[in-house]
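Thanks for coming. I will go through one model today, from the whole chain down to single residues. Please have a look at it first.

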Amino acid sequence: MERLRRGGKAAAGFLASSGLRRTDVREAVLQALAGAPGALSHQEIMKRLKARRPDRVSVYRALDAFVAAGFVHCIEVGTGGRLFELADRCSESQCHPHFTCRVCRKTSCLPDVHPDLVRADGYRVERQRVFLEGVCPACAGC
Ligand SMILES: [Zn+2]
Ligand SMILES: [Zn+2]
Ligand SMILES: [Zn+2]
């Protein structure tokens, strides 16, 4: 995953080691996610892959395969949108929190915020995901 972040040709090797068949679209989607500073929507991924003119459905399928394999996490944001990101900044039991601004609608990753894990008697929590809403620093400043 580290190598993926640094870019280059690591995507093909990563796919092979995850047991996924390598396709051009999968490789391109993985590179787009690795090169992104935060989580991307399907539309943003399409924009980053514009030069390759990938088929929308293939991009959806690649994302589904990555989420099923566990190295990409899908974040559902307030308005029913879905964002995708590499899972390397999440721990086993907890995803880093996400903040959605109600003014600009942008969702930010907060990888340095580590809320306590919530415990509930009898419930085995497998992954905690925290979603925050409010006004982001950029919008609060104006
Ligand atoms: Zn996560
Ligand atoms: Zn904002
Ligand atoms: Zn994130």
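Predicted model: local features only at pLDDT ≥ 70, side-chain atom pairs only at ≥ 80, totals over all residues.

Residues are numbered from 1 along each chain as its sequence is written, while chains are lettered from A and ligands numbered from 1 in the order in which they are written.

First, the overall fold. The protein chain has six helices and six strands; these are DSSP runs, H or I of at least four residues for helices and E of at least two for strands, numbered from the N terminus. Along the sequence the pattern reads α-α-α-β-α-α-β-β-β-β-β-α. The radius of gyration of the protein chain is 16 Å, close to the 14 Å that the globule rule gives for 142 residues, so the chain is as compact as a globular protein of that length. That radius is taken over C-alpha atoms, and the rule is 2.2 Å times the number of residues to the power 0.38.

The chain is divided into domain 1 (2-88) and domain 2 (90-142), with bounds from an automatic or database domain assignment. Their centres, taken over C-alpha atoms, are 21 Å apart. Eight residues of domain 1 are in contact with eight of domain 2, where contact means C-beta atoms, placed from the backbone, within 7 Å.

Next, the core. What is the size of the largest nonpolar core? It has 20 residues, and those with the most contacts inside it are Val29, Leu30, Leu33, Leu40 and Phe84. Such a core is a set of buried Ala, Val, Leu, Ile, Met, Phe, Trp, Tyr and Cys residues joined through C-beta atoms within 7 Å; buried means that 20 or more other C-beta atoms lie within 10 Å of a residue's own, with C-beta atoms placed from the backbone. α3 gives the most to this core, with six residues. Leu33 touches Leu40, Val72, Phe84, Glu85 and Leu86, not counting residues up to four places away in sequence.

Last, the sheet. Three strands form an open sheet in the order β5-β4-β6, with mixed pairing; strands pair if DSSP finds at least two bridges between them. β5 (107-109) and β6 (131-134) stand at the edges, each with a single partner strand, so one side of each is left without a neighbour in the sheet. β4 (residues 98-101) and β5 pair in the antiparallel sense over three bridges, and Phe99 stands opposite Ser108 in β5.

Technical notes: Buried ≥ 20, exposed ≤ 12 C-beta atoms within 10 Å, placed from the backbone. Contact = placed C-beta atoms within 7 Å.
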